[in-house]
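Q: Could you walk me through how the helices pack in this one, and what sits in the core?

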Amino acid sequence: MPSRLQVHVHGAAAGAGGVTAAQAHGLACALVEDEDRDHHAPVKPFALQGIGTPSPSRGESAGSLVIGWLDDERVPAWESWHQKETRLGARPVQVRAVEQETASYADLATCAAVSRVGVVFEAPALVRRGGRNLPLPEPELLMSGLLRRWNAFSPLVVPEPQAAELLASVYVARHEVRTVPLELRGQGRAGFVGTATFGLSAQAPLALRRWLAALWRFASFSGVGAHTTHGLGQVTVYPGEDPPSAGASRSRRRGADHGARSAPPRRTGAAR
């Protein structure tokens, strides 16, 4: 089932530049990938959702990261990560604690139907069309990516006719985004951050309105757009309402995202 795994690590302190996305990506791959998982698979079963600052109360000198896990059949043995020795860039680190938050695909698929969803793009989202950057919240491109990830890892596949109708019907009701320059693999790209509201007609079939809600709730685990395993495309989702203003705090956004779920996510944690 979709999970958020918050991994707290201890080790050599980060340098002046802090932990980079590439270093966090490498650590996430070291934890969740094994010889049976293709590092170059076109659809990855995880997303890097955040890089935290060190927490002295947890004995951290390197920090933490949040991994969104998507594969419903092959769940990483995160309980065994406790005290695992690994690396964060060139620095040796040890996993001190892991906290898990889950929401099953069944819960997501049966959530309340909505005609609009507010989205806060917390980390730059990278969207491409025809090999070119499109630094805008283009609904068909964003939702086609969500459909591809959902159908790759969920036992509850979105039927093709409904998927096609959803992509043809979803629209942007409003947005307030700004372009953010990115550099990936030595190439300049353009992403965007900000807020957007995506909608369907109030007369749209119930199944479409339910999939609109389910897929965007799923986005809080999977991220949206390209390079989500490097921390891009992190979102906070507000089913049934517009997102808060750009000045709202991240903690308030995250709290609203959690509170909006039809069933509360389940939390478990490994002992430190």
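**Helix packing and core**

A: H4 and H5 are roughly perpendicular to each other (65 to 115 degrees counts as such), because they pack at an angle of about 80 degrees, with axes 10 Å apart, where axes are lines fitted to C-alpha atoms over the stretch in contact and angles run from 0 to 180 degrees between N-to-C directions. Helices here are DSSP runs of H or I with at least four residues, strands are E runs of at least two, and both are numbered from the N terminus.

Q: What kind of model is it, and which atoms count?
A: This is a predicted model, in which local features need pLDDT of at least 70 and side-chain atom pairs count only at pLDDT 80 or more, whereas totals for chains, interfaces and linings use all residues. Residues are numbered from 1 along each chain as its sequence is written, and side-chain values use heavy atoms, with hydrogens and water left out.

Q: OK, which residues make the contact of H4 and H5?
A: On H4 they are Gln162, Glu165, Leu166 and Ser169, and on H5 Ala207, Leu208, Trp211, Leu212 and Leu215, contact meaning heavy atoms within 4.5 Å.

Q: And how do H3 and H4 run, parallel or antiparallel?
A: H3 and H4 are roughly antiparallel (over 145 degrees), since the axes of H3 and H4 (residues 160-169) cross at roughly 155 degrees and come within 9 Å. Glu140, Met143, Ser144 and Leu147 of H3 meet Ala163, Leu166 and Leu167 of H4.

Q: What about H3 with H5, at what angle do they cross?
A: The axes of H3 (residues 139-153) and H5 (residues 206-222) cross at roughly 80 degrees and come within 10 Å, which makes H3 roughly perpendicular to H5.

Q: Switching topic, how many residues are in the largest nonpolar core?
A: The largest nonpolar core has 41 residues, and those with the most contacts inside it are Phe121, Trp150, Leu212, Trp216 and Val224. Such a core is a set of buried Ala, Val, Leu, Ile, Met, Phe, Trp, Tyr and Cys residues joined through side-chain atoms within 4.5 Å, and buried means under 20% relative accessible area with a 1.4 Å probe, protein chains only.

Q: Which element gives the largest share?
A: H5 does, with 10 residues of this core.

Q: What does Trp216 touch?
A: Leaving out residues up to four places away in sequence, Trp216 touches Val117, Val119, Leu142, Met143, Leu146, Phe198, Val224 and Val237.

Q: And what lies apart from that core?
A: Another core, of 20 residues, lies apart from it, and Val9, Leu27, Leu48 and Trp69 are among them.

Key
Parallel < 35°, antiparallel > 145°, perpendicular 65-115°, else oblique. Buried < 20%, exposed > 50% of the residue type's maximum accessible area, 1.4 Å probe, protein only.
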